[in-house]
Amino acid sequence: MVPSLSPAQPAATPTRPLAVVVDPLSTGAALAGEFRRRGWRCVAVASIPWIADVVQADDFEEVLVDAPGTGLRERIRALAPDAVVPGAEFGVLLAEELARQQGLPVNLDLPGDPRRDKSTMLERLREQGVRAAAGRTVRSVDELDRWLSEWGRYPVVIKPARSAGSDGAQVCESREQALAAFETVAGQRNSLDLRNDGAVAMEYLDGQQFYANAVSIDGEHLVHEVWRVDVDNVDGNPLYDRDVSLAADDPLLGRLIAYTREVLTALGITDGASHSEIRMQGEQPVLVETGARLKGTSYLPAHHAVSGAHQVELLVERYAAPADFRARLAEPYRAATSCSCVALRVPRPSVVTAEGVAALAALPTAVGGPGLGLRAGQRVRQTTDLYTMPGRIYLVADDLSAIEADYRRIREIEQSLLYRPATPLEQRRWAAEERARWVAVRVRALPSWTARKVRERRARD
Ligand SMILES: Nc1ncnc2c1ncn2[C@@H]1O[C@H](COP(=O)(O)OP(=O)(O)OP(=O)(O)O)[C@@H](O)[C@H]1O
Ligand SMILES: [Mg+2]
């Protein structure tokens with residue numbers, strides 16, 4: 001029988017590509033808008049159930065949760081996304097797992113999670129012949145004591161292997177301090193809600209700190225921005241002062257970019273965003289840590305002004321227009337203007353003043369950042385880490401001296417005007433209110449916590 005000619009099929013409507021963003025928090029919250037601007041659709045995944053409550057749900061067609069019984073992996077299989085990326089540190093491992101499941105571009109599958117675990121990270125660099133600090137995970141006081149004797153130098157750093165936000169990171173000047181720091185880290189729940197399995201004991205790198213942001217494609221790395229990071233040790237805790245973008249003719253730039261590329265390759269970062277923290281040791285850069293994700297808490301317009309494209313634009317371009325992205329690999333480092341990102345610091349529990357807010361708003365080079373969003377009357381806690389910093393202010397100018405002047409002015413405004421110290425009565429009232437809020441949050445979470453436990457039990461049985 002002669003087969004009949006079937007009528008011409010109408011051309012299939014090309015469906016818009018789909019991106020899955022795992023934990024779109026902090027800078028990662030901007031990914032959905034940028035994917036949409038490129039004509040993509042977006043689905044969010046929460047790697048921990050509470051993240052689903054804080055995601056900008058309007059930005060996504062669906063918000064999926066990774067928990068027992070939710071069938072996340074099957075749902076992702078059915079959706080057949082065109083890219084899976086992490087939006088924050090929480091989501092790094094799950095994003096890689098889902099991208100691998102779908103056969104999408106993804107970083108190398110290496111044992112021991114060297115992109116999440118700061119101890120394995122050091123080991124991996126050493127194995128691959130890349131300069132690395134001394135250090136490793138210690139799981140008991142005796143083990144730490146042995147490492148301290150072997151290493152024999154101070155200061156050392158004690159920190160969790162898998163946390164963020166400088167949580168628990170301590171610079172220790174003596175054996176006693178190191179042992180005390182170990183007790184505050186080992187076995188504790190950290191800021192990523194994981195229990196610390198011991199702690200990382202690490203050589204203290206005493207030189208200038210920098211960070212380098214990159215986006216990689218098939219193992220090639222575009223290190224598009226390098227910033228100097230000024231950090232102070234306040235009572236052993238590293239506290240950010242300010243970040244300053246590096247000029248294209250900075251004498252250290254070439255060395256920092258070359259080293260970052262070596263680190264990324266050694267850590268198996270082949271695809272997607274990364275944020276590396278590096279310190280100089282003498283003339284040589286040495287890694288503090290790399291996150292296989294976007295830099296957090298960024299005021300993106302300022303990063304765009306400096307580099308011509310910020311990390312979110314570049315990451316999305318890597319998937320949506322890979323040929324355009326690849327063309328950038330051959331372009332020289334670009335620093336169109338200068339920028340400084342100043343971390344506000346509150347010396348004691350205080351209330352923000354109207355005069356202080358007005359003085360910050362009047363700074364000639366201030367362009368944005370949460371520090372400009374402070375409100376008169378707002379309570380602020382004493383700054384001891386990243387989580388108690390009330391905000392950052394981005395200063396942008398072609399003339400670096402204008403930025404320096406505004407940086408000094410910010411510190412003057414903080415000292416003389418911005419924070420009215422809280423009275424003892426206010427402090428007691430706030431502490432009581434905070435306790436009441438803590439209890440209320442737990443009471444409200446109880447039904448969903450119980451439901452989750454029941455689901456987990458069912459999935460196990
Ligand atoms: N070995 C080290 N030598 C010197 N300083 C260090 C070392 N390790 C950590 N630090 C300092 O402590 C800070 C926090 O450490 P680290 O980056 O490892 O932790 P984190 O929790 O990822 O913090 P963040 O989210 O702030 O980057 C670093 O930015 C750096 O200033
Ligand atoms: Mg860090």
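Colleague: Why is the crossing of helix 6 and helix 7 called right-handed?

Modeller: A crossing is left-handed if the near helix is turned anticlockwise from the far one by less than a right angle, and right-handed if clockwise; the crossing of these two helices is right-handed. The model is predicted, so local features need pLDDT of at least 70 and side-chain atom pairs count only at pLDDT 80 or more, while totals for chains, interfaces and linings use all residues. Residues are numbered from 1 along each chain as its sequence is written, and chains are lettered from A and ligands numbered from 1 in the order in which they are written.

Colleague: What describes the packing of helix 6 and helix 7?

Modeller: Two packed helices are described by the angle between their axes and the distance between the axes. Here helix 6 (residues 141–151) and helix 7 (residues 175–185) make an angle of about 145 degrees, and their axes are 10 Å apart. The axes are lines fitted to C-alpha atoms, for helices over the stretch in contact, and the angle runs from 0 to 180 degrees between N-to-C directions. Helices (H or I, at least four residues) and strands (E, at least two) are DSSP runs, numbered from the N terminus.

Colleague: Which residues of helix 6 and helix 7 meet?

Modeller: Val141, Leu144 and Leu148 of helix 6 meet Arg175, Ala178, Leu179 and Phe182 of helix 7. Two residues are in contact if their C-beta atoms, placed from the backbone, lie within 7 Å. By class, this contact has six nonpolar residues, no polar and one charged. Ala, Val, Leu, Ile, Met, Phe, Trp, Tyr, Cys and Pro count as nonpolar, Asp, Glu, Lys and Arg as charged, and the others, Gly among them, as polar.

Colleague: Why is ligand 1 said to lie between domain 2 and domain 3?

Modeller: Domain 2 (134–203) and domain 3 (209–421) both give residues to the shell around ligand 1, so the ligand lies between them. The bounds come from an automatic or database domain assignment, which also gives domain 1 (18–101). The centres of domain 1 and domain 2, taken over C-alpha atoms, are separated by 33 Å.

Colleague: How many residues surround ligand 1, and which are the closest?

Modeller: There are 22, each counted as near if its C-beta atom, placed from the backbone, lies within 6 Å of the molecule. The closest are Val157, Ser166, Ala169, Leu205 and Pro238. Strand 6 (156–159), strand 8 (199–203), strand 12 (272–281) and strand 13 (284–291) are the elements that give two or more residues. The shell holds 11 nonpolar, four polar and seven charged residues.

Colleague: Why does Tyr319 count as buried?

Modeller: A residue is buried if 20 or more other C-beta atoms, placed from the backbone, lie within 10 Å of its own, exposed if 12 or fewer, and partly exposed in between. Tyr319 has 23 such neighbours and therefore counts as buried. Tyr319 belongs to helix 10, in which nine of the 10 residues are buried. Leaving aside neighbours within four places in sequence, Tyr319 is in contact with Ala19 and Ala83. Its C-alpha atom is 9.3 Å from that of Phe35, 284 residues apart along the chain.

Colleague: What makes Thr423 and Gln415 exposed?

Modeller: Thr423 has 11 other C-beta atoms within 10 Å and is therefore exposed. Gln415 has 10, so it is exposed. Thr423 lies in the loop between strand 19 (419–421) and helix 14 (424–460), whereas Gln415 is in helix 13 (residues 400–418).

Colleague: Why is helix 5 described as mostly covered?

Modeller: Seven of the 10 residues of helix 5 (residues 118–127) are buried, among them Met121, Leu122 and Leu125. The buried residues pack against strand 5 (135–138), strand 8, helix 8 (253–266) and strand 13. Just after helix 5, Gly129 takes a positive phi of about 75 degrees.

Colleague: Why do Asp113 and Thr297 count as partly exposed?

Modeller: Asp113 has 17 C-beta neighbours inside 10 Å and so counts as partly exposed. Thr297 has 15 and so counts as partly exposed.
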